[in-house]
Structures are given as structure tokens and as C-alpha cells.
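Please read them alongside the sequence and the coordinates.

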Amino acid sequence: RHLSGIRQMLKGVMVSPHFLFVVETQSGDGGVQRLTPHQLATRLALFIWSSIPDEQLLELADSGKLDEEPVLRSEVQRMLKDSRARALGENFGLQWLGLSNFDSVVKPDAAKFPEFVAELRSAMREEVVQFVSGVFREDRSLLDLVNADYTYANEHLAQYYGLGWNASESGGWQQVSLANQPRGGVLTMGAVLTATSYPLRTSPVLRGRWVLEEIMGDHVPPPPPNVPALDEQPAEKKVLTLRERLELHRQNPECAACHSRMDPLGFGLENFDAIGRYRTDEDGKPIDSAGILPSGESFAGILEMKQILLNRKENFLHHMTRKLLGFALGRNLTKFDDCVIDRAKEKCRSNGFQAKYLIEEIAVSYPFQHRFYSNSK
């Protein structure tokens, strides 16, 4: 009977909504209400650490000081320097880049790419987590996400990328220089390049669409119905390159409008194969990674393409601010959130695009510190 009673008690705890979910209690009045200090502490810890508040946060909540804006801003900076802020890379970063299911969904052909083993897959994922969280934790510029002269790697990944490795440093992971390398930023990370490829080959279409939507925040409509898929090889004697086959595909006027936006950006990444290795040729033919955008801007290769993207850094800043605010609030954004987005962008812009200021402005914003409750009466 004693053990049975304990089991029933534990069962009741574990099926309770208060155990399974974060439940923010409310008064009976309903409407928009300010979070209590302890609710704010919990929301802040979930945002930055994906965890529960630590002792310092709880003490500030107990004293009521967490409601003071200077104190809250200071706590955001402290929390970002904590190792638990890695969660920004693991949860926000992977979600933003479309890599949440990288371990289970992305499956390059094992016969064609035997190098893509479990250890490499894990290292590619970890690179993204460490890099994205590092941008927020280490006072880095948000623009490093587009182009950086460093990344994080273990020995396996560094060798795979053809990078230098400092064997004298302790630990399995270290910051690695990308000076004089074609890599830099999330666009050229192995996980992104593999996830935006097909099992047997690269896809300039998938990659170009990914750049437009996930980096620049542009919307690309789905393909029109009854449009045939890209043929692997048309019935001609001449063997066509992937670029040539896509050019034939774009001759369909229903396809041309979107493909003229996507394909050039995808071609800019063609020097990287379907599992993210750098290459200069394919099947004995040199890679053509040049592109011309609908705006008339042209580039030759990934470095020049990234410079064009950086010239549109305001678009990138706007998109990243929206993504991060939506992540923090755990809901879709509305027009009433625009003022928060504008303030956060201005604070980030006026501080050299340092990513941490987006976190800070979101934390002190009205929608982060308030929520709407339906009237229970």
C-alpha cells in the first residue's frame, strides 16, 4: 500500500500540466497582464538557456529587482556569457536553418558518398550549434552569420574541410581560422550544404531557395501545378551539365520568374558538392559558380555572392530579428510586434550589428514581459 500510494502520487505529478508545460498563472480579470517576476525569470531562462532559472535569477525575482530594466539588461548579458547559452545554437539556430531534423532526415546516398559517416554528420551539426551560439555569446557581429573568417571544428571536421588544426590545444573542439578559405558563415557549412542537396547530387534550386528564404527572408511561392520535374538528362547526344539542364528548365515561362531569383544564388554554392566538400570540377568539367541576379548584380563564386548579400544587410537584419522574436515569444508575430522589431534593429545597428543586442531588446520589450489571458469569468 505504501509503494502504491507513492506510485499514484508520482503519476499525478507527471501527468499534471504544471509538470509537462510551463504554465503562467493568471488573475481572474483576464486581458493583457504583466508577468510576475518569477514568470519573467522563467521566460528569460527558457529563451536564452532553454532551461529553468538559476539561483541568481530567482533571487532577483524574489527581491523584485528583475523588473528593473537596468537589472534585466545586466542579467541578459550575464546569461549570454554562460555556457548554457549554447541552447541558442541548438534550438534557435537549428530551427532557423531548417536543421532540426538533420540527424534523421538528411540521408546522402551511402554508395556515392561513403565518407558521410555518423561521426561526420554529428560534427556538421555541432559546428552549427557552436557557431550560432558563439555569435550571441562572444559579442560577435550578426553579419558573421553570413560571412566569417572563422568556424568551430573538431579534428575530423577540420580535416574534412581541409583546414589547419592545432593539436596542442586541449579539447575536441576549437575555433579554426578560415583565412584564405572559400568558407565562412552558415551558407558554406557542411550541414546546410548537405541538407539543401539531393541524395545523389547538389541542387542549385534548393540551395537558392534556402538562401532567399532563410537568409534574406524572401518568400518563394511553390511551383505551379503540372510543371515537370527537372530531367536528369534530356534525350540528346550531348551530355549537359546541371546548369545547362536548369537553363532548359527555365525556358518554361511558368518557371522562369522564381528560378531567375533562386538559381543564380544556388550556382554560387556549386563549388561545394552534395556533402559540403569543396570542389573545382564535376565529372571532369570545371564548375561554373557565377551568377546574375534579377537586379543585374553579378558575381563569380561564393565570396562575391556573399558580398552582395552583405550589401543587403538590412534585409538580413530584419529577417533575423523577426525569427528571434518569434522564437522568444513562442508564437506567430502580428503587426503589433513591428515596433519591437524596429527598436531591436536600431539597437543592433547602432552597436555594430552585435547580435547580443537583439536578445537584450527582446527581453525588455512589452510583448516579452506581458501576455494576454482570456477572461475566466
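1. The buried residues of helix α6 are covered by several elements, including α3, α5, α8, α11 (204–215), α15 (313–329) and α17 (356–363); a contact here is a pair of heavy atoms within 4.5 Å. Of the 10 residues in α6 (residues 87–96), seven are buried, that is, under 20% relative accessible area with a 1.4 Å probe and protein chains only. These are Ala 87, Leu 88, Gly 89, Phe 92, Gly 93, Leu 94 and Trp 96. After α6 comes Gly 98, with a positive phi near 75°.

2. On the source: this is a predicted model, in which local features need pLDDT of at least 70 and side-chain atom pairs count only at pLDDT 80 or more, while totals for chains, interfaces and linings use all residues. Residues are numbered from 1 along each chain as its sequence is written, and side-chain values use heavy atoms, with hydrogens and water left out.

3. The chain has 18 helices and eight strands, taken as DSSP runs (H or I of at least four residues for helices, E of at least two for strands) numbered from the N terminus. The chain is 377 residues, and 48% of them count as buried. Of its contacts with a separation of 6 or more, 66% are between residues 24 or more positions apart.

4. Which residues touch the most other members of the largest nonpolar core? They are Ile 48, Trp 96, Leu 145, Val 186 and Ile 215, in a core of 97 residues. Such a core is a set of buried Ala, Val, Leu, Ile, Met, Phe, Trp, Tyr and Cys residues joined through side-chain atoms within 4.5 Å. Helix α8 (residues 118–137) contributes the most to this core, nine residues. Leaving aside residues up to four places away in sequence, Ile 215 touches Trp 96, Val 146, Val 186, Leu 187, Trp 210, Phe 316 and His 319.

5. Helices α3 (residues 37–49) and α5 (residues 69–81) have axes that come within 10 Å and cross at roughly 35°. The axes are lines fitted to C-alpha atoms over the stretch in contact, with angles from 0 to 180 degrees between N-to-C directions. On the α3 side the contact is made by Leu 40, Leu 44, Ala 45, Ile 48 and Trp 49, and on the α5 side by Leu 72, Val 76, Arg 78, Met 79 and Leu 80.

6. Helix α17 is largely enclosed by the rest of the structure, because eight of its eight residues are buried. Among them are Lys 356, Glu 360 and Glu 361.

Definitions and conventions: Buried < 20%, exposed > 50% of the residue type's maximum accessible area, 1.4 Å probe, protein only.
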